[in-house]
Amino acid sequence: MKLSQYGYEFAPEMLAHHPADNRDESRLMVIDRAKGTIEHRIFKDILDYFDEKDLFVFNDTKVFPARLYGNKEKTGAEIEIFLLRELNRELRLWDVLVDPARKIRIGNKLYFGDDDLLVAEVIDNTTSRGRTLRFLFDGSYEEFKQALFALGETPLPKWVREKVEPEDAERYQTIFAAKEGAVAAPTAGMHFSKHLMKRMEIKGVDRTFVTLHVGLGNFRTVDVEDLSKHKMDSEQFIVDDETAATVNAAKRDGRKIVAIGTTVMRTLETAVSTGGMIKPMEGWTNKFIFAPYDFSVADAMVTNLHLPYSTQLMMVAAFGGYETVMNAYKIAREEGYRFGTYGDAMLIL
């Protein structure tokens, strides 16, 4: 498969700039691979396709307020910082992206907040746009983290819209978000409401959670035609003993396993053994899934409608079948589905 095969006619008006009024009332396109059918439903209808003891696997990562605005020393130039990952808790070291990057050099100090609540020093240039910052803070780690997050803004992707609004703090997050560390939300999970989760419980549909802290690498442009030459950025993940046991029991019993989103699918395929069972694991994954690929764990997946040439679209096409998925995207455009982070969803059976 080549990069050029994942283009489609995209217009800006197809992109959802705001979430649906209710989480579980987005539209849901249902693709049945065996029957070759496509249905148009509402997301809360998803349980019609599953039985008692089928297993939904969610990503319980939590997005933190990763975008900060500050000023450069002496010149006062405005600087935007995007926190990527904490490197060293004791030394207050963080990997960040800086915009505009060309104005920042090693040794520069950056100031954030009223009365310069936080000060950071640039100690390393790691990439063309990236930097390592050391925050200069005399208080405890808890006080530092509180100050950092108080100054931070919800990291809604700017291609959704430039201005972050109060609703984003809650809506750009799943209702089961628990483990802080993501700079982007696992969007398929955002369609699940408390009411829908309760209905799952009543019907007896099981659930379990993996953790994959979604990074900006998810959205990095693929700039090679030969997909085998693209390298994904690494993301931290956790599959604990309980989750591994739950998934493996479902596999042994022949129950349906549903990956809620591409991040869950990548985590499961990273943690799977040669025998097709999940191993408890914790570490970093840069797994890039594109066709042809033999999936080992999930029987179905829920996903949003992704942008052209994205790695998410490539994974979905590998799972659903290239022709099937690209045809479904054509139908989604014709039917007025909303694309992107806050858009509608797709269920592939």
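1. Buried means under 20% relative accessible area, exposed means over 50%, and partly exposed lies in between (1.4 Å probe, protein chains only). Tyr309 has a relative accessible area of 42%, so Tyr309 is partly exposed. Its phi is positive, near 65 degrees, in a residue other than glycine. Tyr309 sits in the loop between β16 and α6.

2. A word on the basis. This is a predicted model: local features need pLDDT of at least 70, side-chain atom pairs count only at pLDDT 80 or more, and totals for chains, interfaces and linings use all residues. Residues are numbered from 1 along each chain as its sequence is written, and side-chain values use heavy atoms, with hydrogens and water left out. Helices (H or I, at least four residues) and strands (E, at least two) are DSSP runs, numbered from the N terminus.

3. Arg92 is not a glycine, yet has a positive phi of about 60 degrees. Arg92 is in the loop between β6 (78–88) and β7 (93–99). Arg92 counts as buried because its relative accessibility is 9%.

4. Check the peptide bond between Ala291 and Pro292: it is cis, with omega about -5 degrees. Pro292 belongs to the loop between β15 (281–285) and β16 (300–304).

5. Now the helix pair. The axes of α6 (residues 311–320) and α7 (residues 322–334) come within 6 Å and cross at roughly 120 degrees. Axes are lines fitted to C-alpha atoms, for helices over the stretch in contact, and angles run from 0 to 180 degrees between N-to-C directions. The contact (heavy atoms within 4.5 Å) includes Leu313 and Val316 of α6 and Tyr322 and Met326 of α7.
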